[in-house]
Amino acid sequence: MLAPLGLGLQRDTGKEAAFGSAQDWCFFIYPADAPVTAPGAHIAWRAASREQVVQVHAAALAAGGQDLFTPRLRPDISDSYFGAMFSDLDGHRVEVKTDAAE
């Protein structure tokens, strides 16, 4: 799903995972002794272009994610916001957005 952003799974030990590019790991998931997020957490990824937003959204839906809002401008958020949102298989909301003009 993150391939259009140039990101992927870099390490998975079965208890923790690191995502990013080979040169720049930028997102980490670690175990916790107690729950730190409730079901329905919201995470967001920044994209460099509108095309990347479209590609990530399409990849997420192809992997079984559920569409929450299709890639589009959202002037209610900002004049430059272009994004999409979907839920993952665990029900967490995942957003991908850019402020790029194209």
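The model is predicted: local features need pLDDT of at least 70, side-chain atom pairs count only at pLDDT 80 or more, and totals for chains, interfaces and linings use all residues. Residues are numbered from 1 along each chain as its sequence is written, and side-chain values use heavy atoms, with hydrogens and water left out. The secondary structure comes to 1 helix and 7 strands, where helices (H or I, at least four residues) and strands (E, at least two) are DSSP runs numbered from the N terminus.

**Overall fold**

- Along the sequence, the elements follow the pattern β-β-β-β-α-β-β-β.
- The chain has a radius of gyration of 14 Å, which agrees with the value near 13 Å that a compact globule of 102 residues would have; this radius is taken over C-alpha atoms, and the globule rule is 2.2 Å times the number of residues to the power 0.38.
- Taken along the principal axes, the C-alpha atoms fill a box of roughly 40 × 30 × 25 Å.
- Of the 102 residues, 32% count as buried; buried means under 20% relative accessible area, exposed over 50%, and partly exposed in between, with a 1.4 Å probe and protein chains only.
- Among contacts (heavy atoms within 4.5 Å) between residues at least 6 apart in sequence, 41% join residues at least 24 apart.

- Strand β1 (residues 8-12) runs antiparallel to β2, and 4 bridges join the two; strands pair if DSSP finds at least two bridges between them.
- Gly 8 has Gly 20 of β2 as its bridge partner.
- The hairpin of β1 and β2 has 4 residues between the strands, and Gly 14 there takes a positive phi near 90 degrees.
- On its way to β3, β2 passes through a hairpin of 4 residues.
- Strand β3 (residues 25-29) is likewise joined to β2 by 4 bridges, in antiparallel orientation, with Phe 28 of β3 as the bridge partner of Ala 18.
- In a regular strand the side chains alternate between the two faces of the sheet.

**Nonpolar core**

- The largest nonpolar core has 15 residues, and those with the most contacts inside it are Leu 2, Leu 5, Trp 45, Val 53 and Val 96; such a core is a set of buried Ala, Val, Leu, Ile, Met, Phe, Trp, Tyr and Cys residues joined through side-chain atoms within 4.5 Å.
- Two or more residues of this core come from each of β2 (17-20), α1 (50-62), β6 (82-87) and β7.
- Leu 2 is in contact with Leu 7, Phe 19 and Trp 45, leaving aside its neighbours within four places in sequence.
- In soluble globular proteins, nonpolar side chains tend to be buried together.

**Thr 98 and its surroundings**

- Thr 98 lies in strand β7 (residues 93-98) and is buried, with a relative accessible area of 3%.
- A polar atom of the Thr 98 side chain lies 3.0 Å from the backbone oxygen of Ala 47.
- The backbone nitrogen of Ala 100 also lies 3.0 Å from a polar atom of the Thr 98 side chain.
- Not counting residues up to four places away in sequence, Thr 98 touches several residues, including Arg 50, Val 53, Tyr 81 and Phe 82.

**Salt bridges**

- The structure holds 3 salt bridges, each being a side-chain nitrogen of Lys or Arg within 4 Å of a carboxyl oxygen of Asp or Glu.
- Glu 16 pairs with Arg 11, the closest N and O atoms being 3.0 Å apart; Glu 16 is partly exposed at 23%, and Arg 11 is partly exposed at 32%.
- Asp 76 meets Arg 74 with an N to O distance of 2.7 Å; Asp 76 is exposed at 57%, whereas Arg 74 counts as buried at 16%.
- Lys 97 pairs with Asp 99, with the closest N and O atoms 2.6 Å apart, and Asp 99 is partly exposed at 42%.

**Asp 90 in the β6–β7 loop**

- Asp 90 lies in the loop between β6 and β7 and counts as exposed, at 60% relative accessibility.
- The C-alpha atoms of Asp 90 and Gly 65 are separated by 9.2 Å, while the two residues are 25 residues apart along the chain.

Key: A polar contact is a pair of N or O atoms within 3.5 Å; within protein, one must be able to donate a hydrogen and the other to accept it, and residues adjacent in sequence count only if both atoms are side-chain atoms.
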